[in-house]
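Student: Please take one part of this model and go through it closely. I would like the helix packing first, then the loops and backbone that go with it.

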Amino acid sequence: MIFKTLYIYNLKFKNMKYLAFITIAILMNACNASKTKTVGNNVDANSKDASVKYANSITAKDLKKHLYIYAGDEMEGRMTGSKGQKMAVEYLRDFYKDHDIPSPIESLNYLQPVPASYFKRVKDPKDSENVVAFIKGSEFPDEVIVLSAHLDHVGMDKDGNVFNGADDDGSGTVALLEMAEAFKKAVKDGKGPKRSILFLHVTAEELGLYGSAYYTDNPIFPLANTVVNLNTDMIGRIDPDKEETPNYIYLIGSDKLSQELHDVSEAVAAKYSSGLELDYTYNDENDPNRFYYRSDHYNFAKNNVPIIFYFNGVHADYHKITDTPDKIEYELMEKRTRLIFHTAWEIANRDGRITADKL
Ligand SMILES: [Zn+2]
């Protein structure tokens, strides 16, 4: 999750025209805004048993194991282009290699290079890379679901203290690894997804959502065939406002471009989420935090790809050296990751492709 001031700065220069367009769109849609909504069960019944089995392979224990390494001091806060960020990339690549989950294009060898020249407003930019892994769909291989999380964070302070970024976005990163492993287990059992899944770990989010912008400018699979982007950025902590009711996840953007996506997401949660509340507080266009514009899904949304952003809200350790792995709520993170997995599973396996029906 990018700082609000930085995001406004970037938006100003990058998206002036789009901002005007969005403002009009927001005004036009204002009366359609809904905070919570219950819908009927429209989840494909056939998907049930299998998805539960594989979702259950996503465990608090495994998430914790990965996160203590990924957000450990050795990674030096994963600043874009730094030694620590390269180590983080190697950790991800090794994971996909070890689990026999291929690179989408062999010659890429799991890395989509993002040249320093792309980081236009960054002082002393360095070459970086997105990490990509791929599971090919069995029936509709050209239709791609992108699961994303940002691999970078903000590095170290001048005294050498590490910004571990356990929640931001170590949590989303290791959630992606666990979801990839679950999908791979299904493939091994002959129950692989009907549509393809791209696991996209983007760089330079904290500097201005650059890695995801680079991907959408240079997509490995055409954006017209990109069904949905489910973006996970910060899912391991509890918002102080939710301390009394911590069994929640904030969903942002699910109804912006596709009512169908929103309805499927709600139906999946009703069926599989074991009481996890979907909270739409920050989906409100009038919310001053403007989170919809502050993580990587936004680059997909602005290209008309329906998105859902999964988020726990900010907390006292947000962008501080105290965002450490010992503070993560692993059981809750397991629930949240399983929900995202079930949603991806349903979108990948249902008969019809989700469309941007609100465009
Ligand atoms: Zn952040």
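Tutor: What follows starts with the chain as a whole and then turns to one helix, its two partners and the loops beside them.

This is a predicted model, in which local features need pLDDT of at least 70 and side-chain atom pairs count only at pLDDT 80 or more, while totals for chains, interfaces and linings use all residues. Residues are numbered from 1 along each chain as its sequence is written. The mean pLDDT (the predictor's confidence in each residue, from 0 to 100) of the protein chain is 92, and 89% of its residues reach 70 or more. Over residues 30-41 the pLDDT is below 50, and this stretch has 12 contacts in the model beyond near neighbours in sequence. Two residues are in contact if their C-beta atoms, placed from the backbone, lie within 7 Å.

Of the contacts in the protein chain with a separation of 6 or more, 84% join residues 24 or more positions apart.

The part to look at is helix α10, residues 330-349. Its axis and that of α8 are 9 Å apart, at an angle of about 125°. Axes are lines fitted to C-alpha atoms, for helices over the stretch in contact, and angles run from 0 to 180 degrees between N-to-C directions. That angle makes α8 oblique to α10, since angles under 35 degrees count as roughly parallel, over 145 as roughly antiparallel, 65 to 115 as roughly perpendicular and the rest as oblique. V264, S265, V268, A269 and Y272 of α8 meet L339, H342, T343, E346 and I347 of α10. By class, this contact has 6 nonpolar, 3 polar and 1 charged residues; Ala, Val, Leu, Ile, Met, Phe, Trp, Tyr, Cys and Pro count as nonpolar, Asp, Glu, Lys and Arg as charged, and the others, Gly among them, as polar.

Helix α4 (residues 60-70) also packs on α10, with the axes coming within 8 Å and crossing at roughly 105°. The two helices are therefore roughly perpendicular to each other. A60, L63 and K64 of α4 make the contact with Y330, E331, M333, E334 and T337 of α10. By class, the contact of α4 with α10 has 4 nonpolar, 1 polar and 3 charged residues.

L257 sits in the loop between β6 (248-252) and α8 (259-272). L257 counts as buried because it has 22 C-beta neighbours inside 10 Å; the cut-offs are 20 or more other C-beta atoms within 10 Å for buried, 12 or fewer for exposed, and partly exposed in between, with C-beta atoms placed from the backbone. Leaving out residues up to four places away in sequence, L257 touches A301, N304, P306, A356, K358 and L359. Its C-alpha atom is 7.7 Å from that of I307, 50 residues apart along the chain.

R78 is not a glycine, yet has a positive phi of about 50°. Most residues other than glycine have a negative phi, and most peptide bonds are trans. R78 counts as buried because 30 C-beta neighbours lie inside 10 Å.

Definitions and conventions:
Helices (H or I, at least four residues) and strands (E, at least two) are DSSP runs, numbered from the N terminus.
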